Amino acid sequence: MRNFAKPTFLADSVWAVKLDALVRLGIRAIILDLDNTIVDWNQSWLRPQVREWVSAAQERGLGLCLVSNALRSGRVRQIASQLGALVVLRAGKPFPGGFRRALEALGANARSTCAIGDQVFTDVVGANWSGITSILVEPLSPRESPHTRLIRLIERPLRRRWMRQGVKTAAGLTDPMAARK
Ligand SMILES: [Mg+2]
């Protein structure tokens with residue numbers, strides 16, 4: 001399970017992910033989790049850093065698709081339209097169906113796609129299951145559902161282990177200094 005859950009890369013935040021490094025790795029499309037990855041849990045407000053990073057991705061020709069398990073589809077659609085991103089609703093992560101729908105929408109294959117999210121057992125396991133490069137970010141805010149807070153108890157030791165193993169700086173995707181935060 002541990003290997004199945006292990007992300008390809010770790011990053012402090014979505015905006016810490018180096019887009020040029022992704023492009024050099026052959027990535028052409030990005031699947032993005034919503035809650036606690038690009039917005040605070042259950043919120044719609046977009047941080048300037050997220051907006052800038054998304055614009056920079058689009059300038060590089062990277063396709064973007066939000067893939068969310070969230071039940072309130074109006075909020076997810078609204079965020080996707082603000083960002084000019086595609087969207088897959090009620091994705092059922094970690095099961096592959098949502099990722100497959102995203103790849104179809106993006107016109108991309110798994111090998112040239114990465115998925116960025118804050119949760120190991122939905123975002124990372126789902127991406128790994130679908131053969132997609134996985135990037136695990138730190139949650140944007142400590143505010144989240146009671147269910148997720150329980151899951152974090154399992155995630156935290158795994159994250160620490162992966163950091164010790166040096167997953168974070170693999171391929172120079174993130175600033176090595178940020179890895180020590
Ligand atoms: Mg999330």
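**A helix, and then the sheet**

Mentor: Helix 7, residues 146-164, has 19 residues and spans 28 Å from its first C-alpha to its last, which is close to the 27 Å expected at 1.5 Å a residue; the expected span is 1.5 Å times one less than the number of residues. Residues are numbered from 1 along each chain as its sequence is written. Please keep in mind that this is a predicted model, in which local features need pLDDT of at least 70 and side-chain atom pairs count only at pLDDT 80 or more, while totals for chains, interfaces and linings use all residues. Helices and strands here are DSSP runs numbered from the N terminus, a helix being H or I over at least four residues and a strand being E over at least two.

Within helix 7 there is a kink of about 35° at Ile154, shortly before the proline Pro157, the bend being the angle between axes fitted to the seven residues ending at a position and the seven starting there. Helix 7 is hardly covered, with one buried residue among its 19; a residue is buried if 20 or more other C-beta atoms, placed from the backbone, lie within 10 Å of its own, exposed if 12 or fewer do, and partly exposed in between. Just after this helix, Gly166 takes a positive phi of about 80°.

Now turn to the sheet, where six parallel strands form an open arrangement in the order 1-6-5-2-3-4, two strands being paired if DSSP finds at least two bridges between them. Strand 1 (9-11) and strand 4 (86-88) stand at the edges with a single partner strand each, so one side of each is left without a neighbour in the sheet. On average, and ignoring direction, neighbouring strands are turned by 25° against each other, where axes are lines fitted to C-alpha atoms (for helices over the stretch in contact) and angles run from 0 to 180 degrees between N-to-C directions.

Strand 3 deserves attention, since all five of its five residues are buried. In a regular strand the side chains alternate between the two faces of the sheet. Here Gly63, Cys65 and Val67 are buried on one side, and Leu64 and Leu66 on the other. Strand 3 is joined to strand 2 by four parallel bridges, with Leu32 opposite Leu66. The chain passes from strand 2 through helix 3 (residues 48-59) to strand 3 in a right-handed β-α-β crossover, right-handed meaning that, with the strands pointing away from the viewer, the path from the first strand over the helix to the second runs clockwise. Strand 3 also pairs with strand 4 over three parallel bridges, Val87 being the bridge partner of Leu66 there, and strand 3, helix 4 (residues 73-83) and strand 4 make a right-handed β-α-β unit.

Ala80, in helix 4, is counted as buried because it has 20 C-beta neighbours inside 10 Å. Not counting residues up to four places away in sequence, Ala80 touches Leu66, Ala85, Leu86 and Val87.

The loop between strand 4 and helix 5 holds Pro94, which is joined to Lys93 by a cis peptide bond with omega about 10°. Arg90 lies in the loop between strand 4 and helix 5 and has a positive phi of about 45° although it is not a glycine; with 14 other C-beta atoms within 10 Å, Arg90 is partly exposed. Asn36, in the loop between strand 2 and helix 3, likewise is not a glycine and has a positive phi of about 65°, but Asn36 is buried, with 23 other C-beta atoms within 10 Å.

Note on methods: Contact = placed C-beta atoms within 7 Å.
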